[in-house]
Amino acid sequence: MNEMFNRKSRLCIEKVLRIVEKMIPSSLPDNAEQCQIIRNLLDSSLIPDSDGYLISTKWFNQWKESVGFNDVATFSKVSPIDNSLLTVDDHVRADAINGVDYEIVSEAVYNKLFEWYGGGPPLKMPIEGDMNHETSDIIVKIPQIDIFFRDDHHLFEYSPLKPIDGLKRIACDYFKAQESNTRICDYTFRIRSTELKENTNLSYYGFSSEATLLLEEQNSDGTWPEPSSLAKVGEFWTSLNRSDPGMHGLMNIPNGCYLNVVLQCLLHAYPLIPTFTTNEWKPYLNVSNPRGTKGRLAEAFIELYKDMWESKTQVLSPRFFKSVIGQYRQIYEGNDQNDAHELITHALELIHEDLNRSRIINNDESTESTINDESVVETVSSWDSYIKANDSPIADTFHAMFRSRIDCHKCNQPRFLFDPYSTISLALPLPLQKTHQFLFVPWDLKQPRIIMQLKLNNPTLLTEVTDGICEKLKKKMNIIFAEHQNNSIELKWLTSLEISSRDYKIVAFEIPPHQPESIFAQTRIMAPILCSNRCTQKEIDPFCLVELPSPDVDKEAIQEACEKRFAPLFSPSSGEIVNPKIKEIIKNLYPLQPYDDWQRLKAKIFSRSYEKQVGFERDENVSIATKRRIDVRLNSGIIRDTSKFEWTAFQQVINTVEAPIESTPSTFFTLKECFDLFVHEEQLQDTNAHFCEFCQEYVYASKKIDIWSAPKVLIIHLKRFQCTIYNKKKLDVKVVYPDVLDLTHYIVGDQGKDPVRYRLYGIIEHIGSLDSGHYDTIIYHHQKDKWYKFNDQSVQIIKKGKAHSQDAYILFYVRVE
């Protein structure tokens, strides 16, 4: 019985294989020819109203890898086309995703691949054109549209790519309504909001899977019904009875509070009201700018602007705006929570490019001057050159310039950079915090080493720690940092003053001025001692650095560099030797040496037994250093004589851990303190060293950022979110900010000759923690002369004092003349 079953199974398998063999031709074009044929066919776009095919993404990627369509060919075997996972009961899966599960190809592409490989099943579907995106697509699942009319509603199946006027016609036919006095509106949450333009489609407004819409009738006098008569009745909605200009809430898309607060503050930037509530903006629209969104985001933003100040709708929908920006910045595509400040920068950037009348493509927006006479530099019109390439209402309102001055400490030549900005990010002047204790190793071998601990604003930032060391020792230095594990030899070079565990200690190495191609290597100084009647190498010191002329050096160059570095040690000891460890080493020095008596030391690059070829590769974190160390063995015949070797250099360690600071930490900071910290001069050195164009090398330099000019609307971002390589946290310290902000003495350009003052009009609050929080916003309504809190759909009047919040994250100021 089993034999008969197995024989039938084999016959079935053989039959299937014969069918497959007939489907797959015996010979194929070579890989290059296959790629060229498919590329030529893919270059022709999908044609609306024709047929397209779905093909498995998994199979298509397998074919691409095999023939080298995007990269080097793997020559792996390609099986027949397999679309079986895309179907259920002979229908395309409703949850299949374009680009994840399937790709859309033309009939010509599919037929050619089928001719070569066979397989299937063929999934032919009609191609629809998208009038708004100038693309074509296949709608696998037609969404259901729930349309309300009077006291009735009905579900319609309608493609999101077809014009809305067709959907309206179908709905009017069903509800026996007249097309001439009706319109289609977004009705999410049963709240009437945006009117949908009939010459667009549902995809234009971000509806792709389902939608709730309203077919609204005009009143007998030709007006549209007041929104309050259509809104849901209930206690939660009582705060939504706001239809005056500038008083509209915004519908909360899932996790969309970050979007709503940004839009509220931008929509209440009243210098833009005359431009965006009229047709003044239309001459600016630039649909051909490759940096923009073909004008779509600007149109979505301006539509919201008009609705905010002219519509009677109580709650507006930001869905269209979010849909567009999500197509050009993928982080906004889904329903994840995002950072409000990041959205501001992206939104202003894209809207600006959509409205940029200039046709000049400027890839480098910063301008530079190296004029030595600062009085001449301040007459350079950097703003004029910037605005030639950036001419938009957004640039006129939000953009201004920073000026950075960099002074080289070697040639003393200043360098000026002018950079545009739309927001100012201010660090908070946090209470001083202790650094980890560390050992400072000076470059001079005869100087004592110092155990240090500093109190700084940011105890992990290496540039700040370097500044603290330089200030404490009253000396400008270049310093690099490493961590060293107990009972280990190796060093790990650091980019942040954070240790991996308690078993590690931090070492700060001073390095001298050097050439760009130089590299610094750790050296382990050893001496031969007699131990258990045999010679062994005893470590004297593991914390010395040697400068090598380049990573590519031979044995002779290593020996020469080490002899030069440690030559100062071969001189008489300057004092009494008191360190017991040093005394023990001298006592047990081995009498014989395997090299000549005149040779002071022998240097050798360290390598392990399994390593055949080694070199001084630059460290991936600190490129001026290498992980590879050098073992330096001293000549015992010379160093046993204390009149010939400076043994005291290895016993000088000073412990100078700083005493606690007596002052009580402040419970709040002022905005002025934040600005003072922003314009504070910083030092550029070590891994942050400045490349001087005059010296043609990396040098120690100082950098100062100043505000060259100020915009009409000033956006201030308080940097409350602090991230390190080990953790992240929110800084909940209170920042006191004024109603009227005077920036006059911070302006170094021509604007600073006159008063530069701002009035507070918007505050974005972040309430909660870094991982779980909520945004809302407080707005000053310039027409009503009152303050309001906007929390998604909800709008509440508040007292003026509530505008000064401990949770303030972003501040909006408008210039007052």
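**View 1. L491 and the residues around L491**. Leaving out residues up to four places away in sequence, L491 touches A482, E483, H484, F509, Q522 and F543. Here, contact means heavy atoms within 4.5 Å. This is a predicted model: local features need pLDDT of at least 70, side-chain atom pairs count only at pLDDT 80 or more, and totals for chains, interfaces and linings use all residues. Residues are numbered from 1 along each chain as its sequence is written, and side-chain values use heavy atoms, with hydrogens and water left out. L491 sits in strand β25 (residues 491–493). Strands (E, at least two residues) and helices (H or I, at least four) are DSSP runs, numbered from the N terminus. L491 has 7% relative accessibility, so L491 counts as buried. Buried means under 20% relative accessible area, exposed means over 50%, and partly exposed is in between (1.4 Å probe, protein chains only). R628 is 137 residues from L491 in sequence, yet their C-alpha atoms are 9.1 Å apart in space.

**View 2. Strand β26 and its partners β21 and β24**. Strand β26 covers residues 504–511. Of its 8 residues, 6 are buried, so the strand is largely enclosed by the rest of the structure. Strand β21 (residues 438–441) runs parallel to β26, and 4 bridges join them. Strand β24 (residues 478–485) pairs with β26 in the antiparallel sense, over 8 bridges. Two strands pair if DSSP finds at least two bridges between them. Find A508 in β26: F440 stands opposite A508, and A508 is also the bridge partner of F481. Strands of a sheet pair through backbone hydrogen bonds, either parallel or antiparallel.

**View 3. A salt bridge between K475 and E510**. The two side chains meet at 3.0 Å, N to O. K475 lies in the loop between α14 (462–473) and β24, and E510 lies in strand β26, so the pair ties together parts that are 35 residues apart in sequence. A salt bridge is a side-chain nitrogen of Lys or Arg within 4 Å of a carboxyl oxygen of Asp or Glu. K475 is partly exposed, at 42% relative accessibility. E510 is buried, at 10%. By this rule the structure has 30 salt bridges.

**View 4. A salt bridge between D541 and R449**. The side chains of D541 and R449 meet at 2.6 Å, N to O. D541 is in strand β28 (residues 534–548) and R449 is in strand β22 (residues 449–452). The two residues are 92 residues apart and link distant parts of the chain. Both D541 and R449 are buried. Elsewhere, salt bridges link E490, R608, R629 and D631 in a network.

**View 5. An open sheet of 4 strands**. The strand order is β11-β10-β13-β12, and the pairing is mixed. The edge strands are β11 (152–157) and β12 (182–186), and each pairs on one side only. On average, neighbouring strands of this sheet are turned by 30 degrees against each other, direction ignored. Strand β10 (residues 144–149) and strand β13 (residues 210–217) run parallel, joined by 5 bridges. Within β13, A211 is the bridge partner of I145.

**View 6. Helix α5 across the sheet strands**. Helix α5 (residues 164–175) lies across β10, β11, β12 and β13. The helix runs at about 135 degrees to β11. Axes are lines fitted to C-alpha atoms, for helices over the stretch in contact, and angles run from 0 to 180 degrees between N-to-C directions. The side chains of K168 and E198 form a salt bridge, 2.7 Å from N to O. K168 belongs to helix α5, while E198 is in the loop between β12 and β13, 30 residues apart. K168 is buried, at 4% relative accessibility, and E198 is partly exposed, at 33%.

**View 7. T777 and helix α6**. T777 lies in strand β43 (residues 773–781). At 0% relative accessibility, T777 is buried. The backbone oxygen of I763 lies 2.9 Å from a polar atom of the T777 side chain. Leaving aside neighbours within four places in sequence, T777 is in contact with residues including V261, Q264 and C265.

Key
Polar contact = N/O pair within 3.5 Å; in protein donor to acceptor, adjacent residues only side chain to side chain.
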